[in-house]
Amino acid sequence: MEGLVYIALFAPFASSLFAALFGMTERKIFVGIVASTLLATSFIASAMLAFYVYGTGNAIHVTMMDWISAGDLHIPFGFIVDQVSVTMMVVVTLVSTIVHIYSIGYMDHDKSFNRFFSYLSAFVFSMMILVMSDNFAGLFIGWEGVGVCSWLLIGFWYHKPDVSREENPSISPSWAANEAFIMNRIADLGMLIGLFILYWNIGSLQYDKVFAAVPFLDGTVLNAAALALFIGAMGKSAQFPLHTWLTDAMEGPTPVSALIHAATMVTAGVFLVIRANPLFSLTPEVSYFIAALGTFVAFFAASMALVNRDLKRIIAFSTLSQLGYMFAAAGLGAYWIALFHLAAHAFFKALLFLGAGNVMHAMHDELDIFKMGGLKKVMKWTYLYMGIASLALAGIPFFAGFFSKDAIIETAWNEGTIVLWAILVITAGMTAFYSFRQVFLTFEGDERYKKYGIHPHEMYGYVLVAMSPLAILAMVAGFGMKSFEHFVTKLLPDYHMSEHTHHIAWFLGLVVLAFAVSGILLAYKKYYHGLKRDEQLENSWYYRLLANQYYIPVLYDEFIAKPYAMISNAMWTKVDMKIVDATVDGIAKFLYKTGDTSRKMQTGNLSNYLNWMAVGAVLLLVVAAISAAAIG
Amino acid sequence: MYEAIAFYLFSALTIGLFLITVMSKNVLYAMTSLAAGMVLISGFFFILGADFLGVVQLIVYVGAVMALYSFAMMFFDATRDIKEKNTPAALIFLLGGLSALVLVLIFAGPIHSDAIQALYPMHEGVGNAQDVGIVLFTKYLVPFEVAAVMLLVAMIAGIILAGKKMDQSLTKDTSVDDADEILKQKDAK
Amino acid sequence: MIGLTDYLIVSAILFSIGLMGVLRRRNLLMLFFATEVMLNAVNVAFAAISHYYNDLTGQMFAFFIIAIAASEVAVGLGILIVLYKKHGSLDLDDLASMRG
Amino acid sequence: MFEPIKVSLESLNLVTLAPMLIAIAGGLVILILDLINSKLHKSLYVMLTILILIVDFGATIGLNVNERGFFDVMLIDGISIISQLLIIVASILFTPLALTSKRFHEYSYPEFFALFLFMVAGFQFMVASDNLILIFVGLETASLSLYTLIALHNRSNSYEAAVKYFTMGALAAGFFAMGSAVVYGLTGSIELYQVAQVLSVRMGETGIMAAILGSSVLLMVTLAFKLSLFPFHTWAPDVYEGASAPLAGYMAIVPKIAAFVVAIRIFGMYIDLGIEWVRIMILILAIVTMTLANVMALVQEDVKRMLAYSSISHAGFIMAAIALDTTEGTTSIFLYYALFMFTNLGAFAMLWISRHKVRRFDKRYDHPYSKFSGLVQIMPMGAVIMALFMLSLAGVPPFSVFWGKIYVMQAAVNAGYVWLAIVMGLNSAIAAYYYLKLIVYMFLKDPVKDMDTVYYNLSKPLMVVIGLAATATIAAIFYVQPLVSYLYYMISASGY
Amino acid sequence: MDNILSVLIFFPAIAGLLGFVVDKKSARAYGITVAAIEFLLSLWLWFSFDTGNAGMQFVEMIPLIPDFGVNYYLGVDGISLFIILMTTLMTLIGMVSMSIEKDVKNMIITLLFLEMTMVGVFVALDAIVFYLFWELSLVPMLYIIGAWGGPLRVYAAVKFFLYTFMGSLVMLVGMLFVAYVYHSLTGVWSFAITDWYALVLPVNYQLWLFAAFFLGFAIKVPMFPFHTWLPYAHGQAPTIGSVILAAVLLKMGTYGFVRFSLPMFPDASVMMITPIAVLAIIMIIYTAMVAYAQKDMKQVIAYSSVSHMGIIMIGIFAMNAEGIGGSVFQMLSHGIVSGALFMLVGIIYDRRHTKLMSEFGGLASVMPKYAVIFGIMLMASVGLPLTIGFVGEFLVLLGFYEISPVMTVLAGTSIIIGAVYMLSVYKKSFFGPVTKEENKTLKDLTPRETWSLIPLVAIVVWLGVYPKPVLDPINKSVNAMLVFMEEKAITAEAKDIIKVPQSATTAGEVK
């Protein structure tokens with residue numbers, strides 16, 4: 001079994017290295033094939049591990065070697081395959097494999113084809129470390145590793161120039177990449193602090209030791225640690241106020257968005273909260289804060305998705321919103337539900353993104369849904385996939401999203417947090433609306449793209465085949481909920497609805513469904529028959545507020561980035577040059593001036609010299625007399 | 001009483017003469033008053049019983065030194081009045097006055113002590129020259145000989161500095177900016 | 001009665017006169033005169049102290065000072081002569097080619 | 001009438017006089033040789049001088065410590081021996097600089113070498129006595145010779161230098177005489193050991209302080225002039241510039257050693273008597289000197305003038321050690337000069353070889369910095385060696401001056417003057433600038449003029465001297481130990 | 001070979017002397033060979049180093065000036081061992097990568113002398129010998145900056161020299177005072193650091209001495225506000241000069257803190273934690289901001305050096321094994337990474353003769369290999385896990401957290417603002433379209449450049465993934481030092497703050 005662990009872990013690494021070998025050469029199709037095969041290997045190994053864990057209920061714990069040891073700190077490269085991590089592994093490798101295969105088709109015209117695979121596999125490797133590590137430091141390796149890969153991949157088309165925010169809200173891929181990295185770094189500092197708190201209070205960063213010791217710690221310490229870790233999670237999972245990078249990250253190639261910014265990396269924050277559940281369950285205040293923030297983000301992101309015109313951004317907002325749901329669940333203590341939603345979401349959201357990728361591919365990278373329409377004629381399969389994924393996202397019964405999202409909303413009710421419940425329900429309606437707004441605008445109605453002289457075409461067949469597992473999972477995954485619960489609750493605390501909630505569960509489900517269906521109907525009414533633009537609405541302040549993401553990116557730009565640049569510049573030109581350095585030079589100049597002044601006594605005239613001698617004698621006398629008087 | 005009169009007379013005269021030496025614009029006057037002042041200084045020595053010193057003062061100073069100065073004066077053709085941009089008088093008098101004041105303060109203090117034993121006492125009834133001679137040729141023989149060397153040095157120095165050879169300088173003092181000229185002249189030759 | 005102090009004060013005054021001369025004069029020859037005055041003033045002090053202590057050391061010192069003064073004159077005039085040959089002047093104000 | 005005075009030859013201890021007599025006799029021999037044959041080449045005289053000095057050295061080193069001779073006029077204690085040795089060694093080292101490839105005016109006089117030897121003898125007398133008369137006479141003998149030697153260079157600048165030095169020296173002599181008169185008035189003696197005895201008795205008397213103050217100030221003026229301490233240093237830059245480089249280098253060492261010995265004897269006595277303000281006066285003088293000389297050196301355009309200021313600053317540096325009045329402090333003075341000697345010799349020798357016989361480099365200066373521009377391209381080895389000397393002067397370890405500096409500073413620290421050590425340190429940092437400036441010119445700039453970049457004066461003997469100086473500068477670390485222990489032994493034996 | 005340390009010191013020096021004879025055209029090969037041999041010797045030192053021993057090894061002691069207590073006293077422990085290795089490595093790599101055409105021979109000789117002084121500083125166990133090499137190292141650097149530098153080179157070189165010289169002279173006074181105290185307590189003169197360690201000084205002495213040493217070291221580090229010589233020095237120095245300066249010379253300062261300040265003045269060090277941490281934090285944040293404002297690529301790296309040195313400083317004053325060990329490791333990491341970054345900047349400078357970022361843009365498209373290596377170094381510089389940069393930074397911040405959480409957060413902002421300026425450099429220079437015509441034809445790395453960078457990349461990854469072989473000996477020596485400091489501390493506060501790791505107390509292997 002240990003061998004499988006290493007295969008699962010290192011196959012993506014091997015894939016990355018292999019692709020990197022050809023990183024600077026022409027497109028080589030076999031690179032994509034080899035990479036996909038290796039990823040598939042990793043998936044198979046993960047699946048086998050999952051069966052093993054499922055079958056035996058045992059976790060596999062391996063320690064590869066020591067990493068850092070200094071003082072009392074000992075960090076090994078240790079990996080643990082237990083119920084939680086194996087779930088993540090399977091999800092990650094599955095989606096990655098599909099995305100890899102998809103990318104062979106999607107990236108076929110890109111001259112950096114090989115490099116792309118190298119990055120993508122490296123990402124998977126980092127993600128595997130993140131989920132498999134048996135200690136917080138290892139988690140942090142993966143954490144940063146996925147950050148870097150995300151940076152590389154968002155900025156994959158680095159050669160694009162910067163443009164104004166009006167033209168492209170993300171400015172440029174490289175800008176978006178840097179934004180993502182820096183925002184994540186802010187959160188990572190929080191995470192590091194969390195690690196430090198745990199280490200200095202417990203003396204170890206190993207999960208088992210930490211979680212064993214957590215119950216004996218002081219409340220404030222726990223709160224601090226939980227909060228700090230959650231700050232880390234907020235960055236990676238793009239929770240408010242660190243959310244802006246996620247939509248900008250859509251500058252990356254679409255497979256990247258599917259894999260990283262929908263299915264896997266962004267859920268790392270949720271994973272962290274789930275993983276550290278013994279800590280979070282001891283800190284109800286922090287947990288409640290997580291739930292509340294999650295709920296807020298769910299609504300907040302959904303609201304922005306309502307009016308957006310960018311195909312990928314809409315999906316990105318929906319991802320954000322769904323992450324909010326997950327945090328809400330995790331914050332409320334329903335860790336396994338959060339994990340379940342995480343997995344289900346990974347499937348349908350990846351599918352959605354890949355579908356969007358197909359559209360982009362067909363539309364020659366056009367993303368404005370107002371310029372699309374009627375694509376169903378040429379892209380039947382894609383329409384089908386995206387439809388399925390949207391249904392799952394909207395929470396229509398028997399699709400994956402229904403089970404998981406419903407459970408979360410039910411949890412909110414169950415915990416008695418009616419406000420959260422209400423918001424989540426409303427958000428569910430909004431989710432349905434914007435998903436179908438997007439689907440309808442893209443695939444139904446008049447063929448607006450013709451104006452722009454675009455000739456769309458369906459994606460390659462093998463790509464569509466490769467996407468099918470996701471579609472199937474998006475449809476059926478929900479039925480595995482019971483066995484999943486059974487599986488993961490061996491590790492995670494089980495969460496049961498109270499008797500009362502259980503009784504009215506059908507009712508609650510109906511409420512949610514009602515909202516979802518009405519959302520779809522509204523979308524149908526407005527957009528199914530083509531785009532009718534409402535100038536008045538589009539110019540209203542709230543529409544513009546939403547369309548501009550509440551002006552938050554602008555605010556960040558104006559109040560953080562620009563002042564920072566300004567202060568930096570002032571620090572350099574004013575403080576460093578004019579004060580610090582000038583002081584040093586000033587001392588030197590002062591000495592030089594003194595020299596210049598005092599050399600004037602050296603007139604060359606003997607008479608002056610003689611006078612100096614006499615003056616000196618008098619001075620000497622004065623000095624002697626004064627010091628004699630002073631000493632007494 | 002007699003001594004007091006002599007002292008005050010000599011003091012007044014020397015101060016006056018030396019003031020002329022210092023203040024006069026004419027070298028001749030200055031030198032004459034200097035010589036006269038030195039003669040009077042030897043008067044002090046005689047009053048103080050330092051006969052030998054007085055004689056030496058007369059011979060060496062008034063004789064030799066003054067003769068040297070006179071020759072030098074002739075050489076320098078310094079009989080005319082000298083035009084000097086003297087240092088501002090205020091500074092001079094300030095410094096001179098201050099030093100005088102300080103020195104007077106020092107000397108006016110209880111510098112003299114009866115407790116001090118003379119190491120080389122003068123002997124009653126013995127001529128000053130004899131006393132001096134004995135000390136000079138025992139205790140101070142070495143300084144005496146060194147003084148001889150010093151005079152030798154002075155003599156050699158005087159001779160070679162004033163000698164003809166100094167007129168033909170081997171080490172000229174032209175700057176390199178004139179060097180081109182020199183080179184050209186050489187080429188011309 | 002004339003005491004040691006009186007002599008010393010005369011010596012001090014003479015010394016100061018000499019010093020003033022040194023400070024004041026710009027003509028080298030005149031300047032040398034002033035140094036002679038100073039040395040003579042010191043001689044008076046030595047002779048007086050010697051007298052009042054009844055000790056010969058002071059006279060010895062005065063004697064050597066005379067010798068030194070004489071040698072200085074010789075060397076000094078030697079230097080003055082070469083200088084005069086070169087510069088044609090004994091004025092200090094003409095003698096400031098090196099400065100700074 | 002007197003009884004005839006009987007003096008046994010043994011009680012005179014004539015051997016204490018031997019070193020000086022050798023030098024004087026040597027000078028006379030040279031004069032006689034010249035009388036016999038006036039066509040002899042200078043190299044003969046140079047070698048003769050060196051030989052005489054070597055004999056002198058031998059005689060000195062054989063002296064017993066703590067002896068007095070000749071009616072106690074001669075004082076052969078530890079510092080007198082080591083200072084004489086230093087004087088002689090420095091003289092030996094500087095003499096061969098006469099053997100340039102070009103002829104210079106002063107070396108055409110055999111009298112030059114005779115005067116040189118008389119000067120050495122004068123300095124030796126100066127340090128080998130605590131009798132103010134002999135000190136004075138020795139000082140004047142040496143000084144008069146030195147004035148003449150400077151003037152003999154026979155350039156208008158050298159006359160100017162000689163006149164300046166001479167006139168100020170005459171004034172200083174007046175001060176010295178007056179100071180001695182006050183001392184004599186106070187104690188009835190001019191022998192320092194007697195003076196100390198009488199003063200220690202008289203210390204308690206009221207009103208006596210004014211006279212002590214007067215005497216110390218007057219004597220200090222003279223010594224400060226000799227040591228070129230601010231503001232009595234004004235002659236030094238001009239005289240260094242006007243004198244030939246070997247003499248300038250010589251002046252930076254030998255007269256100062258002699259003057260330091262006298263200063264140790266006089267002011268050490270005052271401080272030992274418990275007169276604290278003398279210490280303060282010396283410290284202030286030292287600090288002002290090293291600082292102001294340093295800042296003035298910063299702005300110099302001529303290397304020789306810069307070295308003049310630097311030697312003023314070094315003197316100030318060492319002057320502070322006198323104020324410490326500890327054995328280590330006194331040791332540090334001699335150690336410093338012993339180590340400084342080689343570096344200084346080297347630096348001035350380098351200037352000397354770059355001297356053109358007739359021309360100056362530009363209208364004003366002989367050795368401006370720009371003359372050394374790009375020296376590394378013209379004469380790499382010379383540039384490296386010169387840089388070595390500059391680094392040594394700046395106090396970069398492990399070159400010789402560093403060990404001197406560190407010893408002085410350690411002495412200051414040991415005596416409880418940590419702040420003084422810090423001031424010294426900061427001053428060394430300032431000083432580094434102007435030494436560095438020369439290095440910058442030599443290594444980091446391009447030559448300015450094609451002519452005058454030739455090194456006219458270089459000859460084999462000079463190369464040997466420079467090589468010796470460089471070796472001694474670099475290898476200081478290996479001989480510091482024996483040097484220190486010898487100096488320390490000698491000084492502690494003589495009770496300082 | 002018990003005298004391996006002497007060999008390490010003097011081999012380059014002698015080689016440098018002999019180098020005068022070598023023909024100009026072969027000078028470079030000569031230099032590389034010598035540096036390679038020196039590097040192999042240092043490797044040999046590592047292999048024969050007894051990692052189980054925390055104390056000084058390969059000790060050599062020859063009395064130089066016994067009356068004065070100066071000995072030729074050398075030794076190496078876990079702390080200095082790797083800095084020596086880094087020194088020899090960076091010298092070798094610097095020489096290999098060197099692109100200088102003018103006066104190559106002089107450069108080679110200078111570098112060899114510089115190597116001698118650098119190794120000397122790190123192996124000296126006698127304060128005077130330490131000081132000797134410390135000062136001597138200024139001279140070759142002065143020459144390198146001054147002779148091969150940019151237009152302001154003389155100013156920069158002189159500023160560098162004088163600034164450091166000034167500080168170290170004050171330090172020298174401190175050393176002399178310690179020697180004096182040692183003498184007055186024991187009656188023996190000694191400048192041996194190991195002897196000084198045994199001195200228990202009163203707190204006020206400690207504070208003053210700490211201040212004196214601080215000035216010397218802080219200028220070298222360089223700590224805010226003494227850092228302004230550094231941008232000039234780097235800005236004007238040729239690539240090789242910057243590489244050595246950043247990689248090794250700056251480490252002398254921090255090494256000095258570890259070797260002198262901490263063990264000798266434990267109480268004062270503990271009392272000075274807050275002021276120094278404040279300075280270090282200012283240094284971290286302020287210089288990072290200044291770095292962000294720079295227009296010249298090299299200046300960014302220069303200021304980033306200052307910022308990173310702040311991290312090292314803060315770790316040293318964490319007073320626990322994690323922090324100090326992390327600092328020492330970070331010294332190595334910073335040495336390798338900043339050295340590599342300077343080499344990289346030098347490479348583009350050689351091609352374009354400008355370092356202004358506005359002149360570049362889109363380099364990743366024309367110079368992919370270059371961009372990759374730059375990217376790796378950049379990531380190491382911002383402390384990405386599994387690169388060398390992370391280990392040290394992580395340990396430092398971890399260690400300092402015990403002292404002050406708030407200040408750790410402030411210092412930790414370095415991971416954010418570090419990323420800000422480094423990424424901005426990368427974006428401005430490497431991303432975006434190729435706008436300048438001159439850039440379109442740029443050649444990617446030549447084999448020589450590649451092969452001088454590859455080892456560094458390898459080390460960056462190797463020590464990021466498996467720092468144990470390096471970290472263990474460091475840790476051992478640091479533990480020993482902490483045990484010793486704790487025993488020696490006299491104030492209760494210091495005893496409290498100096499944290500000896502449990503592993504060190506239980507193992508009992510420490511003398």
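How many of the 511 residues of chain E count as buried, in percent? Select chain E: 68% of its 511 residues are buried, meaning that 20 or more other C-beta atoms, placed from the backbone, lie within 10 Å of a residue's own. Before moving on, note that this is a predicted model, where local features need pLDDT of at least 70, side-chain atom pairs count only at pLDDT 80 or more, and totals for chains, interfaces and linings use all residues. Residues are numbered from 1 along each chain as its sequence is written, while chains are lettered from A and ligands numbered from 1 in the order in which they are written.

Stay on chain E and switch to cartoon view. You'll find 23 helices and 2 strands there (DSSP runs, H or I of at least four residues for helices and E of at least two for strands, numbered from the N terminus).

Next, select chains B and C. Of the 8 pairs of chains in contact, these two share the most contacts (a contact means C-beta atoms, placed from the backbone, within 7 Å). Chain B brings 72 residues to the meeting and chain C brings 64. Now color helix H3 (51-76) of chain B, one of the helices supplying at least two residues to the side that touches chain C. H3(B) gives the largest share of that side, 12 residues.

Finally, show chain E again. Chain E doesn't touch chain B, with their nearest C-alpha atoms 28 Å apart. Chain E doesn't touch chain C either, and there the nearest C-alpha atoms are 24 Å apart.

How values were computed: Buried ≥ 20, exposed ≤ 12 C-beta atoms within 10 Å, placed from the backbone.
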